[in-house]
Structures are given as structure tokens and as C-alpha cells.
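I opened this structure for the first time today and kept notes as I went. The entries below follow the order in which I looked things up.

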Amino acid sequence: MSRLRVRYATVFVLPPAGKGKAPIVSTTPERLVVRREDVIEWTVVNASGIEGTVSFAWAKGNPLRGESAKPFPRRARDTVHAKAGKGVYKYGVLFNDKLLFDPEIEIMP
């Protein structure tokens with residue numbers, strides 16, 4: 001029996017660069033490396049002063065199952081599908097339904 005492996009990722013929401021602009025969003029790490037059936041713990045650090053939720057949009061299918069399928073304000077937990085194909089999956093980070101950043105998840109064999 002294998003041990004549960006938890007991978008941690010943080011979404012940062014920072015103050016806008018100017019009046020009327022969208023907040024600055026980034027993730028750590030920018031490329032999250034996981035294996036099938038790993039658990040991903042997402043944490044949002046919102047330092048922008050703007051209330052809102054984070055959600056993800058997947059370019060070629062979501063390899064995860066869990067809480068991040070719906071918008072979340074602070075924390076979500078996902079599991080990498082057991083049958084997810086190896087490779088790099090690009091996804092978009094949306095804040096209040098506006099696409100602001102495009103990191104990656106790499107699924108290793």
C-alpha cells in the first residue's frame with residue numbers, strides 16, 4: 001500500500017498595478033509536478049483587498065477531481081485522476097471569472 005502524497009500549490013492575488021486594472025495573479029510553483037493519485041492542496045493568499053473567488057480553466061481536459069472544479073475563496077483539495085495521461089497540462093487561473101494567469105501541471109509516470 002502506497003502512502004498518500006500531498007503536493008502544495010499557492011495562488012497569490014496581489015494588488016492591481018494601477019487604478020481600474022485587474023489584480024496581479026501568480027502561482028507557486030508555476031509548474032506543479034505530480035503523479036497519478038497525488039493530492040493537491042490549493043491555498044489562496046489574497047493580498048489585493050478585493051473580495052473574490054479563484055477558479056481554473058483547463059486547455060485540454062481537467063486531470064483532477066475534487067473541490068477546485070467550482071470557484072473557491074481560500075482553499076481547495078483535489079486528487080490527480082488515476083488514469084490521467086502523463087504530460088504537461090496548461091490551465092488558467094481565474095479571479096472573479098477573469099483569466100489572469102496560465103501555469104502548468106506536469107503529470108509524471
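**Entry 1: the core.** I began with the largest nonpolar core, which has 24 residues, and found that Val11, Ile40, Trp42, Val54, Phe56, Val93 and Ile105 touch the most other members. By nonpolar core I mean a set of buried Ala, Val, Leu, Ile, Met, Phe, Trp, Tyr and Cys residues joined through side-chain atoms within 4.5 Å. At least two residues of this core come from each of β1 (6-14), β3 (31-35), β4 (39-46), β5 (54-58), β7 (75-80), β8 (87-95) and β10 (104-108), and β8 gives the most, with four residues. Strands here are DSSP runs (E, at least two residues), numbered from the N terminus.

I noted before going on that this is a predicted model, in which local features need pLDDT of at least 70 and side-chain atom pairs count only at pLDDT 80 or more, while totals for chains, interfaces and linings use all residues. Residues are numbered from 1 along each chain as its sequence is written, and side-chain values use heavy atoms, with hydrogens and water left out.

**Entry 2: valine 54.** I then asked what valine 54 is in contact with, leaving aside its neighbours within four places in sequence. The list I wrote down is Val11, Val44, Lys70, Pro71, Phe72, Val93, Leu94 and Phe95, where contact means heavy atoms within 4.5 Å.

**Entry 3: the sheet.** I traced an open sheet of five strands in the order β2-β1-β4-β7-β6, with mixed pairing; two strands pair if DSSP finds at least two bridges between them. Its edge strands are β2 (24-28) and β6 (64-66), each of which pairs on one side only. Within the sheet, β1 and β4 pair in the parallel sense over eight bridges, and valine 11 has valine 44 of β4 as its bridge partner.

**Entry 4: leucine 99.** Is leucine 99 buried or exposed? I recorded it as exposed because its relative accessibility is 55%, the classes being buried under 20% relative accessible area, exposed over 50%, and partly exposed in between (1.4 Å probe, protein chains only). Leucine 99 lies in strand β9 (residues 98-101) and, leaving aside its neighbours within four places in sequence, is in contact with Gly92, Val93 and Leu94. I also looked up its separation from leucine 64, which is 35 residues in sequence and 19 Å in space, C-alpha to C-alpha.

**Entry 5: salt bridges.** I found eight salt bridges in the structure, each being a side-chain nitrogen of Lys or Arg within 4 Å of a carboxyl oxygen of Asp or Glu. Arginine 5 forms one with aspartate 38, their closest N and O atoms being 3.1 Å apart. Arginine 5 lies in the segment before β1 and aspartate 38 in the loop between β3 and β4, so this pair ties together parts that are 33 residues apart in sequence. Aspartate 38 counts as buried at 3% relative accessibility, whereas arginine 5 is partly exposed at 31%.

Aspartate 38 also forms a salt bridge with arginine 7, with 3.6 Å between the closest N and O atoms. That pair links the loop between β3 and β4 to strand β1, across 31 residues, and arginine 7 is partly exposed at 26%.
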